[in-house]
Amino acid sequence: MELIIGGAYQGKREYAKRRFSVEEGRIFTCREDGEIDFSSRCIDRIEEFTLWCVRNDADPAELFRAHRDQWRGSVLICTDIFCGVVPLEAEARAWREATARLCAYLSGEAAGVTRMFCGLAQKLK
Amino acid sequence: MNVLISGGCKNGKSTFARNIALRLAGDGKRYYVATMIPCDDEDRARIARHVADRAGLGFETLELGRKVERCLELADPGATFLVDSVTALLLNEMYPGGHGAGVDPDAVDRCAAGLLKVAAGAGNAVFVSDYIYSDAVRYDSFTEKYRADLAFVDKALANVCDVVIEVCAGNVLVHKGEWEP
C-alpha cells in the first residue's frame, strides 16, 4: 500500500495518478456519508470517511484494520487535517485526532509514504 | 534564480526570505515588493516597522498590491525581487475595486500570470506564501475557494521556481532544488 498525505489542494490525487498509474475511474472518493470501497485501487479523501466515523461513533482505524486484506495493494490518500490549531468544537477535535491516528496506523502499514507540498512530492517512507 | 518559500505563520518565513534575497542579490540591487494594502493604522504602523527593519539591508520598497509584474517596469528587471506575500496579493486581486467590493472570478489567473511574469523576467525572485491547507476546519465556500486558488498559484510558482522551501517552526525543508542554509 502507498499512502499519500498532505494539505488540501496540494496535488495528492494527481500524484497518485501520475506516479502509481491509477486511473481516474478506479478512484473511490469518500464523502461524509460513510460509504467506502476498501477494495478500490485507490481511495481518496479518507478524511471525509473519518468525519462520518466520528459522527457515528465508529473508529476509522479499526474499520481499516478489519479490511486490511482488501487495501493492502492500494493507494490511499488523506488530507493531513491534523496540523492546525486544536479546534474549539468537540466534533472537529475528535475528527482531527481520529484522522491523525488512522494516518499513523496506515503509515506503519504502508510500503511508501509521500507528503505533497505545492505539487511536489516529499518521500517520508 | 527563483525561490518559493511557504509554511505556517510567524515561524520565520519573512526573515528567511529576506536573507535568501540578500544572498542572491550579492552586491546588486534588491527590491522588496510589498503586496499588502494597509486597511487601518495598525497595518500602517506594522508596515512602517518593516520598512525600518529593511532600511539597513539596502532594500528599496515597491508597494504593489495588485499587478505585481509592474515591478519589472518600475525597477531594474535584472535585480533581485522579494515578493511578500503571494497570499496578500491574491486577496487584493480578488477585490479589484477595493475590499468590500465585488469578487473578481479571474483574480486567480491574473495573480498567477503576474507572478510567473516576475519569475521569468527578474534577475532573481523570492516569493513568500502561506501554507493554509492542513487544519480540521470546514470553511465557508468563499474561504474554501480562496484556499483552492492560493494553492493553484503556489503550485504554479513551485513548478517554475528553482528552489522550493518550507519553513516549519524556524526549520527549513527543501522540497525542490538545493539550498545550503
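Which residues do ring pairs link into a cluster? I opened my notebook with that, keeping in mind that this is a predicted model.

**Entry: the cluster.** I found that ring pairs join Phe38(A), Phe49(A), Trp52(A), Phe64(A), Trp71(A) and Tyr105(A). I then searched the whole structure and got 11 aromatic pairs over all chains.

**Entry: Phe49(A) with Trp52(A).** I looked at this pair next. The ring centres of Phe49(A) and Trp52(A) are 6.3 Å apart with the planes at 20 degrees, so I noted the pair as stacked; stacked needs planes under 30 degrees apart. Both residues sit in helix H2 (residues 46-55) of chain A, and because they are 3 residues apart there, about one helical turn separates them. Is each one buried or partly exposed? Phe49(A) has 2% relative accessibility and counts as buried, while Trp52(A), at 25%, counts as partly exposed.

**Entry: Phe49(A) with Phe64(A).** I stayed with Phe49(A) and turned to another ring. The centres of Phe49(A) and Phe64(A) lie 6.1 Å apart and their planes meet at 75 degrees, so this pair is edge-to-face. Phe49(A) belongs to helix H2 of chain A and Phe64(A) to helix H3 (residues 60-66) of chain A, so the pair ties together parts 15 residues apart in sequence. I checked burial too: Phe49(A) and Phe64(A) are both buried.

**Entry: charges over rings.** Which residue lies over the face of Tyr105(A)? I found Arg65(A) there, 4.5 Å from the ring centre; Tyr105(A) is one of the cluster residues I listed above.

Key:
Residues numbered from 1 in each chain as written. Chains lettered and ligands numbered in written order. Predicted model: local features only at pLDDT ≥ 70, side-chain atom pairs only at ≥ 80, totals over all residues. Heavy atoms only, no water. Phe/Tyr/Trp six-rings, centres within 6.5 Å; stacked < 30°, edge-to-face > 60°. Helix = DSSP H or I, 4+ residues; strand = E, 2+ residues; numbered from the N terminus. Buried < 20%, exposed > 50% of the residue type's maximum accessible area, 1.4 Å probe, protein only. Lys NZ or Arg CZ within 6 Å of the ring centre and 35° of its normal.
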